[in-house]
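Please work through each task before reading its solution.

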Amino acid sequence: MEHTEHMKHIENAHFISHPLLQHKISMLRDYRTGTNEFRKLVEEIAVFIGYEAFRDLPVEMMEIKTPLETCQSPVISGKKLAVVPILRAGLGMVNGILTLVPSAKVGHIGLYRDHETHEPEEYYCKLPTPIEERTIAVLDPMLATGGSAVAAVDFIKAKGGKKIKFLCVIAAPEGVERLHRAHPDVQIYCGCLDRCLNEDAYICPGLGDAGDRIFGTR
């Protein structure tokens, strides 16, 4: 518990305590929650997390004509947001983020785990351009060991990405610490910080395999 509490004080790590979000995460954890409901919950939770993550998006004033008069009103400035899910489970969060920012550009990063090194290897990476001018939201429901998250950010930075946020539903302290240690500039937004990883690197209490539960596979 002390380790978990320590994680909550890591700079650039944000854990969202909104009661509605926590209620939805509890429903997500339940083993009885079926694929259709699970998928909808992940999308809804992504909206809450995205709302918090995008508080610092830059804005500029634009002249708007209302039915009564003309005024200066704020709009998001700069290049459109880049949303980059880590395949495959990250796909479940995309529609929730697009609900908030329909004009966002969507990239994809595909990773697989090498059976010998146990480290993530890239098999697909397609990012919106110019990536260096965009705020980038990397999506993955689970931040477990942190290996995939670190690798994804490595690939994005190698291609020129600079302002990167990592959004997840639940995280283990081990994953938060690893991602923060490797990329202290990356802002982490998380719905709930769980207790630990088990011997199979699953988050406990967790919610099982997010990809399998989103897509109805085993």
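**Exercise 1.** With which side chain does the side chain of His183 make a polar contact?

*Solution.* The model under study is a predicted one. First, locate the residue: His183 lies in the loop between α6 and β11 (187-193). Next, inspect its side chain, which makes a polar contact with the side chain of Lys157 at 2.9 Å.

**Exercise 2.** Determine whether His183 counts as buried or exposed.

*Solution.* The cut-off for a buried residue is a relative accessible area under 20%. The relative accessibility of His183 is 6%, and the residue therefore counts as buried.

**Exercise 3.** Describe how helices α5 and α6 pack.

*Solution.* Two packed helices are described by the angle between their axes and the distance between the axes. For α5 (residues 147-158) and α6 (residues 173-182), the angle is about 25° and the axes are 8 Å apart. Angles under 35 degrees count as roughly parallel, so α5 and α6 are roughly parallel to each other. The crossing in which α5 passes α6 is right-handed. On the α5 side, the contact involves Gly147, Ala149, Val150 and Val153; these meet Arg178, Leu179 and Ala182 of α6. Sorted by class, the residues of this contact comprise five nonpolar, one polar and one charged.

**Exercise 4.** Carry out the corresponding analysis for helices α3 and α4.

*Solution.* Begin with the geometry: the axes of α3 (residues 35-53) and α4 (residues 91-100) cross at roughly 50° and come within 7 Å. The two helices are therefore oblique to each other. As for handedness, α3 passes α4 in a right-handed crossing. The α3 residues in the contact are Val42, Glu43, Ala46, Val47, Gly50 and Tyr51, while α4 supplies Gly92, Met93, Asn95, Gly96, Ile97, Thr99 and Leu100. By class, this contact of α3 with α4 has seven nonpolar, five polar and one charged residues.

**Exercise 5.** State where Phe38 is placed, and which residues surround it.

*Solution.* Phe38 belongs to helix α3. With a relative accessible area of 1%, Phe38 is buried. Leaving aside neighbours within four places in sequence, Phe38 is in contact with Leu28, Thr33, Leu207, Ala210, Arg213 and Ile214.

How values were computed
Residues are numbered from 1 along each chain as its sequence is written. This is a predicted model: local features need pLDDT of at least 70, side-chain atom pairs count only at pLDDT 80 or more; totals for chains, interfaces and linings use all residues. Side-chain values use heavy atoms; hydrogens and water are left out. Axes are lines fitted to C-alpha atoms, for helices over the stretch in contact, and angles run from 0 to 180 degrees between N-to-C directions. Helices (H or I, at least four residues) and strands (E, at least two) are DSSP runs, numbered from the N terminus. Angles under 35 degrees count as roughly parallel, over 145 as roughly antiparallel, 65 to 115 as roughly perpendicular and the rest as oblique. A crossing is left-handed if the near helix is turned anticlockwise from the far one by less than a right angle, and right-handed if clockwise. Contact means heavy atoms within 4.5 Å. Ala, Val, Leu, Ile, Met, Phe, Trp, Tyr, Cys and Pro count as nonpolar, Asp, Glu, Lys and Arg as charged, and the others, Gly among them, as polar. Buried means under 20% relative accessible area, exposed over 50%, partly exposed in between (1.4 Å probe, protein chains only). A polar contact is a pair of N or O atoms within 3.5 Å; within protein, one must be able to donate a hydrogen and the other to accept it, and residues adjacent in sequence count only if both atoms are side-chain atoms.
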